[in-house]
Amino acid sequence: MTLKLYNSLTRSVEAFAPGDGTTVRVYGCGPTIYARAHIGNFRTFIVYDFLHRVLERKGWDVRFAVNFTDVDDKTIDGAAREGVALNDFTAPLGEVFLQDMETLGIKHFDVIPLATDHVEEMVQWIQRLEAAGLAYPAEDGSVYFRISAFPKYGRLSGNRADGDSGRSRIDADEYEKDDVRDFVLWKAAKDVDRQVGAVWESPWGPGRPGWHLECSVLSISCLGETLDIHLGGEDLLFPHHENEIAQSEGATGRPFARFWLHTKHLRVEGRKMSKSLGNVFTVQDLLDKGHPPAAIRHLLISAQYRKELNFTESGLEGSARAVERLVALHRRLHHEVIEDGGTEAGLAGLAETALASFDAALDDDLNSSEALAALFVFLKEVNGALDRSGGRAAPDELEAAREALAAMDRVLGLLEVALRMDVDDDQELASWVEEMIAQRKEARASKDWGRADEIRDALADRGVVLEDTAQGTRWKQGA
Ligand code: AMP
Ligand code: ZN
């Protein structure tokens, strides 16, 4: 089956395969680390994660980069407000972001480049653009991109930027431009930049890179000149992504990204998220209210990424119940069913049908809500079949049902998060470790070495070391 994705660049659903046939190179615009990310941001990042897992299920290698924007107006203002150096302000926020990712079961991205680690390359990039006649310095030492010299500008957004409607994140002090449409590549240093140490030398004088340039240079530096997929929230399509294309293709002469995917913004209790409405929640806010991480994850993937998604407390409670039903199914299949070679409960057929619908949903432009529907139909039917068989099933069909559940969860990540739980006491630790060992065994049986290694790492994170022996896997703590 072919994965089909809606490509914002062509405004149509297209069949996707990696450009080189094996490795998918994906770049997603990451968080600006000036405040703790909110659940709206995490809708977008969970979509990144969902795509990541779908691409792996399709059997491709994936190289996934997501940047941290650690130098821009917001991070600089934040550092100045707290009276600390830029890096001392952003580094702890980056750590918190990684923790929130972990809480929600977002898999590690292969690379998380920081803008401040790549400023030299950004300066060189501007020199390339200047040599190509696409960039010009202004008197104050800033450098701008000359849109009139790049005729393809506007292909992604349809917005040729000949007015200034819809322009966001553009400084009011950019009065030195030749043309109102032009955007900044290099910003001449201001006092506040000096105050927090956000100043680098350049041929045009001291300054710092523009936000748009950061993503062009970071993505190309990590993944090469043509990306397979570029991701971001819908608000980034214009001007950010349009500008990324101009800067990248202007310098390389090659297509920058083959597919562009944009996630629709999350709403909260039916409204746009905003500080003034008091509906901006972080993951921690929801944990503090007692909502389990797997419920948050479930709610955030309950609608396909291009569909409206409304985050409500009652929805979250419904998600918690859905996750509980899944955990109960997992428990039933692993600990309660009586293995009986004489019984045919029909589980293997249900597993096959469920996986077929599940995969069809993934292929249909990452339709996560349909994928969840396939899983819950499976849940209901397996429970019904087991009720009818008196809780008995033949070993091979039981194995097929367990494997189908595990395979679907490798994409959805719900049991993965729910079964991880906080491990407070020894008893809980012991059952969690046993569960992880069982999952690892399954992963190894299905030759999913990546997953098996992940589980080993998750155990290692809690100081648990595994030892594979002829009698099975043993574990100990503290080594
Ligand atoms: P920022 O930290 O503001 O740079 O945003 C990080 C990512 O979150 C970007 O891809 C944004 O498009 C995305 N984003 C911001 N607000 C929302 C929202 N309400 N729903 C979904 N994604 C969002
Ligand atoms: Zn970006």
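Predicted model: local features only at pLDDT ≥ 70, side-chain atom pairs only at ≥ 80, totals over all residues.
## The zinc site

Three residues coordinate the zinc ion (ligand 2): C29 through SG, C215 through SG and H240 through NE2, at 2.0 to 2.2 Å. Along the chain, these donors follow the spacing C-x185-C-x24-H. C29 belongs to the loop between strand 3 (23–28) and helix 1 (39–57), while C215 belongs to helix 6 (residues 211–223), so the pair ties together parts that are 186 residues apart in sequence. Both C29 and C215 are buried.

## Aromatic pairs

The structure holds 14 aromatic pairs. One of them is formed by F16 and W60, whose ring centres are 5.7 Å apart and whose planes meet at 85°; the pair is therefore edge-to-face, since planes over 60 degrees apart are classed in this way. The two residues come from distant parts of the chain, 44 residues apart: F16 is in the loop between strand 2 (12–15) and strand 3, and W60 is in the loop between helix 1 and strand 4 (61–66). F16 has a relative accessible area of 3% and is buried. W60, at 16% relative accessibility, also counts as buried because the cut-off is under 20%.

A stacked arrangement is found between F145 and F183, with 5.0 Å from centre to centre and 10° between the planes. F145 lies in strand 6 (residues 143–145) and F183 in strand 7 (residues 183–188), so this pair connects parts that are 38 residues apart in sequence. F145 and F183 are both buried.

## An aromatic cluster and charges over rings

Aromatic residues also gather in a group: F42, F45, Y48, F64, F68, F97 and F109 form one aromatic cluster.

Two arginine residues are placed over aromatic rings. R128 lies over the face of W125, at 4.6 Å from the ring centre. The charged end of R306 sits over the ring of Y6, at 4.0 Å from the centre of that ring.

Rolling a probe the size of a water molecule over the atoms shows where empty space is left. In this model, the count comes to four cavities of 30 Å³ or more. The largest cavity holds about 160 Å³ of space. It is lined by 14 residues, of which A406, D409, Q439, E442 and R451 are the closest to its centre.

Helix 10 (313–336), helix 13 (395–412), helix 14 (414–418) and helix 15 (426–445) are the elements that each give two or more residues to this lining. The largest share, five residues, comes from helix 13. By class, the lining of the largest cavity consists of five nonpolar, three polar and six charged residues.

## Backbone features

Most residues other than glycine have a negative phi, and most peptide bonds are trans. F238 and P239 are joined by a cis peptide bond, with omega about 0°. P239 is found in helix 7 (residues 237–252).

D365 is not a glycine, yet its phi is positive, at about 55°. This residue is in the loop between helix 11 (347–363) and helix 12 (368–388). With 3% relative accessibility, D365 counts as buried. L366, likewise not a glycine, has a positive phi of about 55°. L366 is also placed in the loop between helix 11 and helix 12, and at 1% relative accessibility L366 counts as buried.

Key:
Residues numbered from 1 in each chain as written. Chains lettered and ligands numbered in written order. Heavy atoms only, no water. 1 Å grid on protein atoms, 1.4 Å probe; cavity = no way out; pocket = protein on both sides within 12 Å on 5 of 7 lines; lining within 4 Å. Points joined across faces, edges and corners; volume = space filled by probe spheres on them. Helix = DSSP H or I, 4+ residues; strand = E, 2+ residues; numbered from the N terminus. Nonpolar A, V, L, I, M, F, W, Y, C, P; charged D, E, K, R; others polar. Donors = N, O, S within 2.8 Å, 3.2 Å for Na, K, Ca; no water. Buried < 20%, exposed > 50% of the residue type's maximum accessible area, 1.4 Å probe, protein only. Phe/Tyr/Trp six-rings, centres within 6.5 Å; stacked < 30°, edge-to-face > 60°. Lys NZ or Arg CZ within 6 Å of the ring centre and 35° of its normal.
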